[in-house]
Every structure is written in C-alpha cells, then in structure tokens.
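Here are some notes for a colleague who is opening this structure for the first time. Please read them with the sequence and the model side by side.

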Amino acid sequence: MSWRTASWVAAVVVAAAAFVYGALDEGPPKTNADRVRALAEDFACPVCAGQSVAESDVPVAREIRRQMAVWVDEGRSDAFIRDRLVAAYDVDIDYNPSGSGITGLVWVLPVLAGGGIAAVVVGMLRSDRRPARDTPQPPTAVRRRRRNAAVWTVAVVVVAGAAGLLVARSSGSRGSDGSITGEIRATTRELIFEAQSRLGEGDIEGAIAAYDEALELQPSSAEALTYRGWLTSRRGDPDTAVVYLDDAIAVDPAYPDARLFRAIVALDQGDGSGAASELAVFDSLDPPPYAEDLLAQARVRERVTEARHAAVLQVVDGLAAIGERPAFGETALGVDDALVAAEALAARGDLLDAVQFLDWVLESRPDDPDVLAGRGWLLVRSGDPELLALGVEHLDAALDADPASPAGLVYRAFARWQQGDDSGAGADLAAFDALQYRPPDLVRLVEDQGLRGAISG
C-alpha cells in the first residue's frame, strides 16, 4: 500500500472515529435536575447494600440528593461535589473515583482526532510536493494538487468543528464564576410565574407541569418544591406531597409557605402534633400577610387546636378512669400537654375539672410559673369577681417565680384591666413588649382582644 493510500485510510478512520464518538455519546445533562440524577448514580448509599444514592429512598440518601441539588444550582463542579461527599462519607461512597471513566477522554479524543488529521494532511501535502521539486509538473497536476489541498483543508475544518462541538457538548457543568448557557434562575422564575398564572386560571395540571419544568432547571428551588407539593396534596396524594414539602424545608428551613403547607398536610394525615410543630415554626418566621390569609382560610389554627385537644383529652379521660390517679411526674404528660388539656376541658364546659386538673399538676410542680399562670388564667376568665381575685393571686405567684413569664404578664394585664387597674395592666403589657421573645399566640391574644386599645381608651 502506497504512502498516499495509507494516509487517506488513516484520515478517514480518525475522522470516522471522532464523528461516531460524538454521535453515540449522550453528552452532558441537559438540565440541573438531569445532572443531579447523573451524579446520584455515581455514589453509593452510605447505609444501603448495593444501592446508589439515586436508587435509595432512605433519609440519608434523600439528604445527599437535596445537598447535591443545592450545589448544582450554585454552579459547583463535579469535582467539588465529589470531594465534599468523600470527605463526609469516606472514599467508599464514590463509585467512580476521580480520574477514572470517560470524562477525561471526551476532552482528549477531539484533540487527538484533530492532531491526527493535521499530521496526515501535512504528510500528504509534503509527499505531493516532492515530485514537484524533481521534475516540472503539468498545469493539470498543479490544479489537482491545489484541489486536493483545498479538500483536505475543508476536511480539517470540518473535523475541528466537530471536535469543538463535542467539547461544547461536554461543557455542561457550570462553574461558580461563569456559565456557558447563561443564568438559569431567570428562566426558573419565569416558569414559576407561568405556574402561578395557570393556577390562577384554574389549570392545576398546567401549573404542576410548569413547576416540574422549573425544578428541572433548578432542583433546589424551595418555592417550586413547596407549591409542587401543595398542588400534589390538593390532587389527593399527601404522601408524595410530604416528600416535596420536606425537600423544600431542607433547602430553606425559613420559607414560611413550606411550613404552612406542611402543617396543613399533616392535619390531613391526622398528625396534629406534627402540624402544631410546623405551625410553631411558621409563627416564628414573621410570615407575610398573604401566608397569614392562607392560614386563616384553611382554619389551620383552629384545626391544630382541635387536634391537640382531642389527643390530650383522650389521655386525660383515660387517667380519670383510673381509681387512683398517679402523680403527674409519673405520667408521660409534659407541662405543655397539661396546659392544653386544661384548655380543652374548659372549652368543653368543664371549668372546674380544668382547675382541678392543674391542681393535680401543681402537686408535683408547685412552683412552675407556667402552670400557676395557666390556673390563674382559667379563674380570671370565669367571670366571677372572687375567682378573678384568686386568679390574680396565682398570676402574682407565677411572676414571683419568673418575673419574665410571658404568660404571667399577659394574663395579669387582662386581669388588672378587668379589675379597673389600667395603670397596672399597662405596666404588665409594657413589660411583655420589652421581652426578647414574645410567643406569637400571646401576641395574637392581645391583638384579637383589643387590650391595648381598651387600656389606652
């Protein structure tokens, strides 16, 4: 085989290999969600047998996937994510240690292909020029040689272009200091706006599809996760909704909407305690007015109260059925449970039972300021002047035990106002306002009852 023929064959083989590789390679993930899924397949679940992070649904695997989503949305490199996970869970978590696989090959092969083609072209052109120096060439030979040179130049350009496209396809991961595809968050925001618009038109399925698209671009979007979960719960699938909402809370624990919807879903599932916990966090976040409106429309506070009352009353009624009730400290009840139980008894019209129940608690905790304040508040609300005076005594005792007791200050402010002592009531309310932490339920009590206006008026 002549040198020229061998050169042609080599050029064709190298070019064909480059194009076949480019055609068969799937390229990088198209979206951040695709990249998270691909990364999750490369790491072993730390507590599972033979499962990847992508396959497992145990809490640690879900937490790793959530953290991956955050890193990917931040533009972190695969190497950064790999190093962090290996540092946290040891090298055994990594299915593909750094330096292995075809990741490096995808960058090397185009360079080798271009270099090989260039070398072949140079060799062929040089072989064509040797006869030209020895003997004169006819014009047709010169034109043919120039045509061949032009063809090979085009071939090199095509192969170089193909190699460049291949490299471009492989540059899908965005660095923290730059982006090939541009900032994705604007697109995510547009999709969220589209979802909200469709929801306003009553198109729930369209809204869900838009949120899914947003999550493809930005898997760690707390807003998209929250409202995707909320709409899922409205479609009658609370279990799946919980997954979305828990992911949203893990990404942004201070996002009020996620806490609110998680509380509603917990109520739908009969989990009053979980709903109460989420509601307490929601209240601590200084939620915006629209979130408060949603909460009121769904009667979340009332439903949480009803659920908690039902749960503690079941325990209290069970204790009442016992001939000789054990000491409070020997039961599984806490002080918060006892106060909720007393309120539940009072709400169903058993005020005396509620007072006696707290008397039983005080036998074990005689100086507990919360229990003293709770008993005093029951008496203050009785409407009886003598019981009102007795209630003030209990509130005084609660504040002697803890001068910064929020409940003691608010309840005594109400009691003093009822006794006509506006000055004393104002002093207690001012002391409450000066506290570093003011429980949201007490703040609402003061506002709902109009105590400030009543004192100042």
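1. Asp 73 is a buried residue with a relative accessible area of 4%, where buried means under 20% relative accessible area, exposed over 50%, and partly exposed in between (1.4 Å probe, protein chains only). Asp 73 belongs to helix H3, residues 59-73, helices being DSSP runs of H or I with at least four residues, numbered from the N terminus. Its side chain makes a polar contact with the side chain of Asn 32, at 2.8 Å; such a contact is a pair of N or O atoms within 3.5 Å, and within protein one must be able to donate a hydrogen and the other to accept it, while residues adjacent in sequence count only if both atoms are side-chain atoms.

2. A word on the basis of these notes: this is a predicted model, in which local features need pLDDT of at least 70 and side-chain atom pairs count only at pLDDT 80 or more, whereas totals for chains, interfaces and linings use all residues. Residues are numbered from 1 along each chain as its sequence is written, and side-chain values use heavy atoms, with hydrogens and water left out.

3. The buried residues of helix H2 (residues 32-41) are Asn 32, Ala 33, Arg 35, Val 36, Leu 39 and Ala 40. They lie on the same side of H2, because they cover an arc of only 160° around the axis, the arc being that of the directions from the helix axis to the C-beta atoms. Among the elements that cover these buried residues are H3, helix H4 (78-89) and helix H8 (204-217).

4. Which rings are stacked? A search of the whole structure finds eight aromatic pairs, counted where rings of Phe, Tyr and Trp (its six-membered ring) have centres within 6.5 Å, with planes under 30 degrees apart taken as stacked, over 60 as edge-to-face and the rest as tilted. The rings of Trp 377 and Tyr 411 form a stacked pair, since their centres are 4.5 Å apart and their planes stand at 5°. Trp 377 lies in helix H17 (residues 369-380) and Tyr 411 in helix H19 (residues 406-418), so this pair ties together parts that are 34 residues apart in sequence.

5. Trp 377 is buried at 9% relative accessibility, and Tyr 411 is buried as well, with a relative accessible area of 14%. Trp 377 also pairs with Phe 414, and here the pair is tilted, because the ring centres are 5.5 Å apart and the planes are at 55°. This second pair again links distant parts of the chain, with Trp 377 in helix H17 and Phe 414 in helix H19, 37 residues apart; Phe 414 is buried at 6% relative accessibility.

6. Val 446, in helix H21 (residues 440-449), is buried with a relative accessible area of 3%. Leaving aside neighbours within four places in sequence, Val 446 is in contact (heavy atoms within 4.5 Å) with Val 410, Phe 414, Leu 429, Leu 451 and Arg 452.

7. The largest nonpolar core has 48 residues, and Phe 357, Val 361, Tyr 411 and Phe 432 have the most contacts inside it; a core is a set of buried Ala, Val, Leu, Ile, Met, Phe, Trp, Tyr and Cys residues joined through side-chain atoms within 4.5 Å. Apart from it lies another core, of 37 residues, including Leu 215, Ala 222, Ala 266 and Leu 267.

Key: Helix = DSSP H or I, 4+ residues; strand = E, 2+ residues; numbered from the N terminus.
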